[in-house]
Amino acid sequence: KILNLIEESSRILIITHVNPDGDTLGCASALKSYIGDKADILIQISDNFQFPKTYSFLPYLNSSKNLSTLEDIYDLIIAVDVASADRIIDNARTIFNKAQNTIVIDHHKTNARFADYLYLDSDAAATAEIIYSLLLEMGIKLTRDIATCIYEGIYTDTGSFKYSNTTSNTLKTAADLLKYGVNPSLISDNM
């Protein structure tokens, strides 16, 4: 259903949560890399916020929308790593609620199930781990950019694979991503 919605939609907005971390940013960049020009990313930060150079190696973040440039033109909105509607700023939430279709992809057990469609795996260490499974499930050919974004999301949400949420599947996913040309030292050095 998610694949069909992405293919059928003409304008897509990918939303990060407020105070974005590496997982939400990596997921947004990976999805934008896959979807292409018909998708925009909304990074929920204030307009005068200087984006951290930490994440500058991720594609598309520098050209993302902010709250003042956001338009009500989207027929599909995908919120990544967003557990509840209050993690979306008011004017973005208004656009979210008016969209023809909404999807949330998340790994938080506390997810409030506020979208039309929810892809939730609370056993995943990061939403990026779910994005990886989802893209493979949909038969999408991963690029180095997509793999790098996913690896970065997993890397940050597991505390560089140190947190207790790191599972054998997490490490297998990270290992698989290296096959696509991910440079772990680039990510480690930036983080």
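In this predicted model, Asp-90 has a relative accessibility of 53%, above the 50% cut-off, and therefore counts as exposed. The side chain of Asp-90 meets that of Arg-93 in a salt bridge, with 3.4 Å from N to O. Arg-93, at 24% relative accessibility, counts as partly exposed. Both residues belong to helix α3, where they sit three residues apart, or about one turn of the helix. An α-helix has 3.6 residues a turn, so residues three or four places apart point the same way.

Helix α3 spans residues 90-98, and its buried residues are Ala-92, Ile-95 and Phe-96. These three cover an arc of only 105° around the axis, which puts them on the same side of α3. The other side of the helix carries the exposed residues Asp-90, Asn-97 and Lys-98. Among the elements that cover the buried residues of α3 are the strands β1, β2, β3 and β4, and the sheet that holds these strands is described next.

**The sheet and the helices on it**

Five strands make up an open sheet with parallel pairing, and their order across the sheet is β2-β1-β3-β4-β5. Its edges are formed by β2 (39-42) and β5 (117-120), each of which pairs on one side only. From one strand to the next, the twist averages 15°. Strand β1, residues 12-15, is joined to β2 by four bridges in the parallel sense, and within this pairing Ile-15 has Leu-42 of β2 as its bridge partner.

Helix α2, residues 22-35, lies across β1, β2, β3 (76-80) and β4 (101-106), and its direction runs at about 145° to β3. Helix α4, residues 127-137, also packs on the sheet, where it touches β3, β4 and β5 and makes an angle of about 120° with the direction of β4.

**Nonpolar cores**

In soluble globular proteins, nonpolar side chains tend to be buried together. In this model the largest nonpolar core has 47 residues, and the members that touch the most others are Ile-14, Ile-35, Ile-78, Ile-131, Leu-135, Ile-150 and Leu-177. When residues up to four places away in sequence are not counted, Ile-78 touches Ile-6, Ile-12, Leu-13, Ile-14, Ile-15, Leu-31, Ile-35, Ile-103 and Ile-105. Another core, of 16 residues, lies apart from the largest one, and its members include Leu-42, Leu-67, Ile-88 and Val-104.

The buried residues of α6 are Thr-170, Thr-173, Ala-174, Asp-176 and Leu-177. They cover an arc of only 160° around the axis, which puts them on the same side of α6. This buried set packs against α4 and α5, whereas the face turned away from it carries the exposed residues Ser-168 and Lys-172.

Asp-176, at 15% relative accessibility, counts as buried, and it takes part in salt bridges with both Lys-172 and Lys-179. Lys-179, at 69% relative accessibility, counts as exposed. Through these shared partners, Lys-172, Asp-176 and Lys-179 are joined into one network. Because Lys-172 and Asp-176 are four residues apart in helix α6, which covers residues 168-178, about one helical turn separates them. The whole structure holds five salt bridges, and the table sets out those discussed here.

| Salt bridge | N to O distance |
|---|---|
| Arg-93 and Asp-90 | 3.4 Å |
| Lys-172 and Asp-176 | 3.0 Å |
| Lys-179 and Asp-176 | 3.5 Å |

**Tyr-155 in helix α5**

Tyr-155 lies in helix α5, which runs over residues 144-157. With a relative accessibility of 13%, under the 20% cut-off, Tyr-155 counts as buried. Its contacts, leaving aside neighbours within four places in sequence, are with Ser-160, Phe-161, Ile-187, Ser-188 and Met-191. Between Tyr-155 and Asp-75 there are 32 Å in space, C-alpha to C-alpha, and the two are 80 residues apart in sequence.

Terms used. Residues numbered from 1 in each chain as written. Predicted model: local features only at pLDDT ≥ 70, side-chain atom pairs only at ≥ 80, totals over all residues. Heavy atoms only, no water. Pairing = 2+ DSSP bridges. Helix = DSSP H or I, 4+ residues; strand = E, 2+ residues; numbered from the N terminus. Axes fitted to C-alpha atoms, helices over the stretch in contact; angles between N-to-C directions. Contact = heavy atoms within 4.5 Å. Buried < 20%, exposed > 50% of the residue type's maximum accessible area, 1.4 Å probe, protein only. Arc of directions from axis to C-beta. Salt bridge = Lys/Arg side-chain N within 4 Å of Asp/Glu carboxyl O. Core = buried A, V, L, I, M, F, W, Y, C linked by side-chain atoms within 4.5 Å.
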